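Trainee: I would like to go through this model with you. Can we take the contacts one by one?

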2 protein chains.
Amino acid sequence: MPKVGQSYLDARRKQIVDAAHTRFTSHGFARTSMADIVTESGLSTGSIYRYFTSKDEIVIAVCEQGTEAFPTALTVEAVNDFLEHVRALARDKGHARLVAQIYAEAALSPTLAAIVAQQLAAMRAAVAELIPDRSPNDVEQITEAFVTICSGYSQQLAVRGDLDPAPFTRALMAILQG
Amino acid sequence: MPKVGQSYLDARRKQIVDAAHTRFTSHGFARTSMADIVTESGLSTGSIYRYFTSKDEIVIAVCEQGTEAFPTALTVEAVNDFLEHVRALARDKGHARLVAQIYAEAALSPTLAAIVAQQLAAMRAAVAELIPDRSPNDVEQITEAFVTICSGYSQQLAVRGDLDPAPFTRALMAILQG
DNA sequence: CCAACAAAAGTGAAGGGTCATTCATGTTAT
DNA sequence: ATAACATGAATGACCCTTCACTTTTGTTGG
């Protein structure tokens with residue numbers, strides 16, 4: 001017989017993932033210890049292992065919830081707004097740092113690679129929906145480049161700090177018209 | 001009085017950096033132990049610490065020598081050749097994996113960030129040299145997007161495996177004409 | 001030219017820490 | 001009362017770094 005409801009369990013799980021998310025963002029996966037997650041979450045060591053069987057599982061959980069927003073239209077304004085959103089996330093929450101950690105880990109772990117690849121595919125599909133009047137091959141090539149520039153922008157933000165999105169907006173528009 | 005020549009010392013140092021490069025590429029920074037570098041290099045633990053004072057210093061040395069080639073011209077053929085070069089390096093040597101590690105670490109370490117930022121600036125400068133008849137502002141925006149697509153392509157290769165460079169070549173050409 | 005010596009280079013076992021994970025015990029809700 | 005849930009000290013493995021010791025090389029005095 002369960003002692004608490006599912007919503008309680010979900011809240012606890014989220015508490016752990018949020019704490020891990022915070023520490024992973026500021027210190028990276030390798031430099032974040034279980035003790036760090038314990039401290040940040042306010043739970044106990046043993047309690048965390050009731051919800052996750054290993055640190056790796058927590059890493060996966062954090063990567064899975066990493067859904068950024070998508071652009072809503074392919075006008076200059078909408079695209080620029082989207083990049084400004086990415087920029088703000090990087091500035092205010094260090095999100096680009098976390099993304100860089102995720103890509104590095106995904107490059108080593110097939111499990112994570114599959115998760116990230118699926119998220120990238122979802123974003124490409126979302127962008128494809130917004131492209132009018134093109135051959136399937138064109139759409140595929142355009143979305144591929146589009147998403148690469150967006151994640152590339154995030155990568156640059158992670159390493160070089162705040163950057164004006166203007167060159168990237170311009171590049172994205174050029175690709176759409178090419 | 002030195003017991004061996006400078007060329008000997010240089011060779012030893014290279015031996016260490018090469019060993020570290022190999023292991024860092026296949027297992028990442030965090031999952032590569034000093035013992036791994038010892039094994040891979042064929043030297044002893046103590047010997048390595050004669051050439052580097054810490055593991056972090058070896059990481060820096062590996063990052064510093066990470067100079068990819070630059071594109072030599074901005075024709076479709078030259079640009080495509082360049083991307084094929086990046087692709088081959090990723091396929092044959094797992095180079096994209098190492099680059100992903102470097103970006104992740106640079107996102108956390110100001111020292112590494114400075115090194116990577118300088119390498120990116122060098123590549124932007126090299127590309128800028130190839131752009132004819134544009135305003136300085138245009139050149140800056142174009143090179144920014146150009147380099148981001150190239151490193152973004154590497155990032156995608158790291159996570160998703162081998163990818164045809166065609167969409168990226170096309171995007172790069174579109175940017176140059178935008 | 002050779003033998004002793006000194007300094008450079010190399011070695012690897014051990015120190016000192018950190019860290020992920022477990023488990024015996026305590027607490028709470030039904 | 002009992003089973004779910006929580007706790008955190010203990011465990012055992014791993015890992016970076018050091019250092020006392022050995023080997024090698026260049027030098028020097030006879």
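Trainee: How many salt bridges does the rule find across the interface of domain 1 of chain A and domain 2 of chain A?

Mentor: This is a predicted model. A salt bridge needs a side-chain nitrogen of Lys or Arg within 4 Å of a carboxyl oxygen of Asp or Glu. On the domain 1 side of chain A, the residues touching domain 2 are three nonpolar, four polar and no charged. Across this interface the rule finds a count of zero.

Trainee: Which helix gives the most to the side of domain 1 of chain A that touches domain 2 of chain A?

Mentor: Seven residues of domain 1 of chain A are in contact with nine residues of domain 2 of chain A. On the domain 1 side, four residues come from the top contributor, helix 1 of chain A.

Trainee: What area is buried between domain 1 of chain A and domain 2 of chain A?

Mentor: The size of an interface is often given as the accessible area lost when the parts come together. Between these two domains of chain A, carbon and sulfur atoms give 72% of that area. One residue pair is in polar contact between them, both at pLDDT 80 or more. The buried area is about 590 Å².

Trainee: How far apart are the centres of domain 1 of chain A and domain 2 of chain A?

Mentor: Domain 1 of chain A covers 6-59, and domain 2 of chain A covers 76-177. Taken over C-alpha atoms, their centres are separated by 27 Å.

Trainee: Now the DNA. Which helix gives the most to the surface near DNA strand D?

Mentor: Three helices each supply at least two residues: helix 1 (6-27) and helix 3 (45-51) of chain A, and helix 3 (45-51) of chain B. The top contributor, with five residues, is helix 3 of chain A.

Trainee: How many charged residues are in the surface near DNA strand D?

Mentor: 23 residues surround DNA strand D, and A:Lys3, A:Arg12 and B:Lys3 are among the closest. The surface also has nine nonpolar and nine polar residues. The charged ones number five.

Trainee: Which residue has a polar side-chain atom 3.5 Å from a base nitrogen of DNA strand D?

Mentor: A:Gly46 places a backbone N or O atom 3.3 Å from a base nitrogen of DNA strand D. The side-chain contact at 3.5 Å belongs to A:Arg50.

Key. Residues are numbered from 1 along each chain as its sequence is written. Chains are lettered from A and ligands numbered from 1 in the order in which they are written. This is a predicted model: local features need pLDDT of at least 70, side-chain atom pairs count only at pLDDT 80 or more; totals for chains, interfaces and linings use all residues. Side-chain values use heavy atoms; hydrogens and water are left out. A residue is near a molecule or strand if one of its heavy atoms lies within 4 Å of it. A polar contact is a pair of N or O atoms within 3.5 Å; within protein, one must be able to donate a hydrogen and the other to accept it, and residues adjacent in sequence count only if both atoms are side-chain atoms. Ala, Val, Leu, Ile, Met, Phe, Trp, Tyr, Cys and Pro count as nonpolar, Asp, Glu, Lys and Arg as charged, and the others, Gly among them, as polar. Domain bounds come from an automatic or database domain assignment. Contact means heavy atoms within 4.5 Å. Buried area is the accessible area (1.4 Å probe) that two parts lose on being put together, summed over both.
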